Amino acid sequence: MQDVPQNGGYMIAAYVVAAVIIVGYALSLYLRARRSLRP
Amino acid sequence: MRMLRVGRWITGIALLLLVGVYIRALVFTPVERLQGLAQKIYYLHVPAAIWTETAIVLVGLASAFYLFLKDPRLDRFAAASAEVGIVFAGVVLTTGPIWGKPIWGTWWTWDARLTSMLFLFLLYVGYLLLRSAVGDPATRARYAAVLGICGMCLVPFIHFSVYLFPTLHPMPIMMKPSPPSMPGSMVVTSLFSVGVFTLLYVGFVVQRYALSYLGEQLEASGEGGSGKGDG
Amino acid sequence: MRSPDLLRHAWAVASKDLLVEFRSRTAIVSVAVFVVLVFVVFQFGHDPTAVSNFDLAPSILWVTFTFAAILALNRAFQLELENQALEGLLLAPIGRGSIYLGKLIANLAFVATIELIGLPLLALFFNVPVLPCLGPLAATIALATVGFVAVGTLFSAMTVRTRFAELLLPVLLLPFMILPLWWAVLATGRLLASRPLSEVAGWLNMLAVYDVVFVTIALLLFPATVNE
């Protein structure tokens, strides 16, 4: 049986990038709302 | 503001559950033999793709109803769904090539599925740019609705192209009429992830909707909105 | 609105635009020059032993045609921007549908002129057999052109009054243009390579459906772009 390809690095990269985008957007929404509520 | 709080709660819960998805996908789901660990990108890529497409259809539907009913709530929803849609499109278009490189040997290929995601991204960009280019809220809503409907009508054509041009992209595993050809554990992870992304979409849209509403209130009271004050 | 009126009024709108364009002739000439320039540059630039004319010709053809289309579309409603002519047009006793159709016809006439110039030039410069497949080729070109000009005419009504109008129109149009363009380039390539009609029938059908769907949608949505 052939070896499973060793491409874990890509998996980590993708999971990190996705997390950054999602959390980043959540943060952006939070901050924009705070700015709107402040005055 | 209550809607904002509800949105934040939903998003918070969704983010926590997302951590759960991460753990389940990375640790508790079996490794696919042919593709290796990189295959696990599927559990993020596919739910994001599903919602990228659903979001644009929702933009289109809201736009169509807006032109008939002229209810500004529909316009606010469309704007919210478009912004969230482009965020998910960003997830798809980044995880896609990262998945593609180890599996197909190339970062990008003009295969029909990746290309269709790019189309959706372009539709979102156009929609959001149009909204930011029109100052008057009523005109903005009307124009955006026209574009939203056209975008929604483009989606079936984009889909047909997928089936006319068989390519590198993995053929549908889950959405086939016959039972899914993935082992049960993987199916569970996929469904879990789809559920979490659904919750994320809802939470984000509710917050973004609330943001539009806040922006309009601020403009109405003459204090100017945050940034572009886009509805 | 009765059909004969719709078409009659549309033709009135179209002939007004075409008359203005014909009198000034600036746009047609500049696009024609661009077409010749692109053909010549690509001829000089490529090594015929490395890249065959058949690989190059379809893409070059469609690049020039789409440029012509975008130029036509950018100008489509610009005529009406001056002296509030658009309001005048809207006050005229003709339906909104006629205005859209009239603009569409005028734009199509402009692009068709470029295509009529470009296709023979392509055959000449690139030595590709256009005559044997002229029927299907003409059909492909016509169908694809109607597709993106129809959507473009609708969008130009909106973008003309925004900032960065000329920048916004191509950006909005991009996804709607790429799809028919993609099918058209593939079909053109096959036809020029003397493949049988049956091979391109699928793409021609898609183009036809695309046209029907989007012309209809544009007709229905156009009033929303001009009503106050």
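Which residues does His45(B) touch, not counting those up to four places away in sequence? They are Val92(B), Thr95(B), Gly96(B) and Trp99(B). The model is a predicted one.

**His45(B)**

His45(B) sits in helix H2 of chain B, which covers residues 42–69. His45(B) has 23 C-beta neighbours inside 10 Å, so it counts as buried; the cut-off is 20 or more. Leu93(B) lies 48 residues away from His45(B) along the chain. The C-alpha atoms of the two are separated by 8.5 Å.

**Chain C**

Chain C has 9 helices and 0 strands. Its radius of gyration is 18 Å, close to the 17 Å from the globule rule for 228 residues, so chain C is as compact as a globular protein of that length. Further values for chain C follow.

| Property of chain C | Value |
|---|---|
| Span of the C-alpha trace along its principal axes | about 60 × 35 × 30 Å |
| Buried share of the 228 residues | 43% |
| Share joining residues at least 24 apart, among contacts between residues at least 6 apart in sequence | 83% |

**Helix H9 of chain C**

Helix H9 of chain C runs over residues 197–226. Its 30 residues, at 1.5 Å a residue, should span 44 Å. The end C-alpha atoms are 42 Å apart, which agrees. H9(C) still bends, by about 35° at Leu220(C). A proline, Pro223(C), follows within four residues.

Notes: Residues are numbered from 1 along each chain as its sequence is written. Chains are lettered from A and ligands numbered from 1 in the order in which they are written. This is a predicted model: local features need pLDDT of at least 70, side-chain atom pairs count only at pLDDT 80 or more; totals for chains, interfaces and linings use all residues. Helices (H or I, at least four residues) and strands (E, at least two) are DSSP runs, numbered from the N terminus. The expected span of a helix is 1.5 Å times one less than its number of residues. The bend at a residue is the angle between axes fitted to the seven residues ending there and the seven starting there. A residue is buried if 20 or more other C-beta atoms lie within 10 Å of its own, exposed if 12 or fewer, and partly exposed in between; C-beta atoms are placed from the backbone. Two residues are in contact if their C-beta atoms, placed from the backbone, lie within 7 Å. The radius of gyration is taken over C-alpha atoms; the globule rule is 2.2 Å times the number of residues to the power 0.38.
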